Amino acid sequence: MIGQILNFEPLTGKNATKDRVLSGLNSVSLVHIAAHGHTETGEIILSPNFSSSAKRPKEKDFLLTMADVLDAKVRAKLVVLSCCNSGRGKIKVEGVVGIARAFLGAGARSVIATLWAIDDEATLAFMKPFYEHLVAGQSASKSLHQAMKWMRESEKFNAVKHWAPFVLIGDDVTLNFGQ
């Protein structure tokens, strides 16, 4: 659905390997990752990089860690982490240190992350108005607000658990999809 809105072919399923995701982070202005996130750290589970000699992939072959992100030199204006717990991490003096913060530290100007486990159906419904507003030229914060408002006004997804886990961290960017 997001690929259709943005007129772009996304990496999905077995094509969304850790290596392919990492190789694209330094060349795009928008990153959207919809995957499973680690409960405590927000680290992201991707499709494994398969080597012909391994029968079972090791964690390093599929887990996108903070160190991986920091090494990637992200150029994106906006990173959307549509993954459970992607805004979580260790609480330190300087704030919450987790995968969302790693994207900022690696160069992303802003990150949309989640504060708790998210419902797949509700998240799909949420992302449609978010991206429609973003493509229409609204800023990330306005697009986020409009998606939240739409969810609150819907009959099916008006519960706080469906619309409130999404937070914007960093700059309030606007993307130009005409270029």
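The stops begin with the whole chain and then pass to individual residues.

**Before selecting anything**

This is a predicted model, in which local features need pLDDT of at least 70 and side-chain atom pairs count only at pLDDT 80 or more, while totals for chains, interfaces and linings use all residues. Residues are numbered from 1 along each chain as its sequence is written, and side-chain values use heavy atoms, with hydrogens and water left out.

**Stop 1: the whole chain**

Display the protein as a cartoon. Seven helices and eight strands are present; helices (H or I, at least four residues) and strands (E, at least two) are DSSP runs, numbered from the N terminus. The radius of gyration is 16 Å, close to the 16 Å that the globule rule gives for 179 residues, so the protein is as compact as a globular protein of that length. This radius is taken over C-alpha atoms, and the globule rule is 2.2 Å times the number of residues to the power 0.38. Along the principal axes, the C-alpha trace spans about 50 × 40 × 30 Å.

Next, colour the model by pLDDT, the predictor's confidence in each residue, from 0 to 100. The mean for the protein is 93, and 97% of the residues reach 70 or more. Confidence is highest in helix 6, at 98, and lowest in strand 6 (residues 95-97), at a mean of 85.

Then switch to a surface display. The protein exposes about 10100 Å², of which carbon and sulfur atoms supply 52%; accessible areas come from the Shrake-Rupley method with a 1.4 Å probe, and for residues only the protein chains shown count as cover. Of the 179 residues, 42% count as buried. Buried means under 20% relative accessible area, exposed over 50%, and partly exposed in between (1.4 Å probe, protein chains only). Among contacts with a separation of 6 or more, 73% join residues 24 or more positions apart, a contact being heavy atoms within 4.5 Å.

**Stop 2: the salt bridges**

A salt bridge is a side-chain nitrogen of Lys or Arg within 4 Å of a carboxyl oxygen of Asp or Glu. By this rule there are four salt bridges, and the tour visits some of them.

Select Lys 18 and Asp 68. Their side chains meet in a salt bridge with an N to O distance of 2.8 Å. Asp 68 lies in helix 3 (residues 66-72) and Lys 18 in helix 2 (residues 18-24), so the pair ties together parts that are 50 residues apart in sequence.

Move to Glu 121 and Lys 156, whose side chains form a salt bridge at 2.5 Å, N to O. Lys 156 lies in the loop between helix 6 (140-153) and helix 7 (160-163), and Glu 121 in helix 5 (residues 120-135), so this pair ties together parts 35 residues apart in sequence. Lys 156 is exposed, with a relative accessible area of 54%, whereas Glu 121 is partly exposed, at 44%.

Remain on helix 5 and select Lys 128 and Glu 132. The closest N and O atoms of this salt bridge are 2.5 Å apart. Both residues lie in helix 5, four residues apart, about one turn of the helix. Lys 128 is partly exposed at 40% relative accessibility, and Glu 132 is partly exposed at 38%.

**Stop 3: a nonpolar patch**

Select Leu 115, Trp 116 and Val 160. These residues form a nonpolar patch on the surface, with about 250 Å² of accessible area together. Patches are made of residues with over 30% relative accessible area and no salt bridge, like charges being joined within 9 Å and nonpolar side chains (Val, Leu, Ile, Met, Phe, Trp, Tyr) within 5 Å.

Val 160 lies in helix 7, while Trp 116 is found in the loop between strand 7 (110-114) and helix 5. Trp 116 is partly exposed, at 32% relative accessible area. Which residues does Trp 116 contact, leaving aside its neighbours within four places in sequence? They are Cys 84, Asn 85, Val 160, Lys 161, Ala 164 and Pro 165.

**Stop 4: two positive phi angles**

Asn 7 has a phi near 55 degrees, a positive value in a residue other than glycine. Asn 7 is placed in the loop between helix 1 (2-6) and helix 2, and is exposed at 72% relative accessible area. Lys 73, also not a glycine, has a positive phi of about 55 degrees. Lys 73 lies in the loop between helix 3 and strand 4 (78-83) and is exposed, at 54%.
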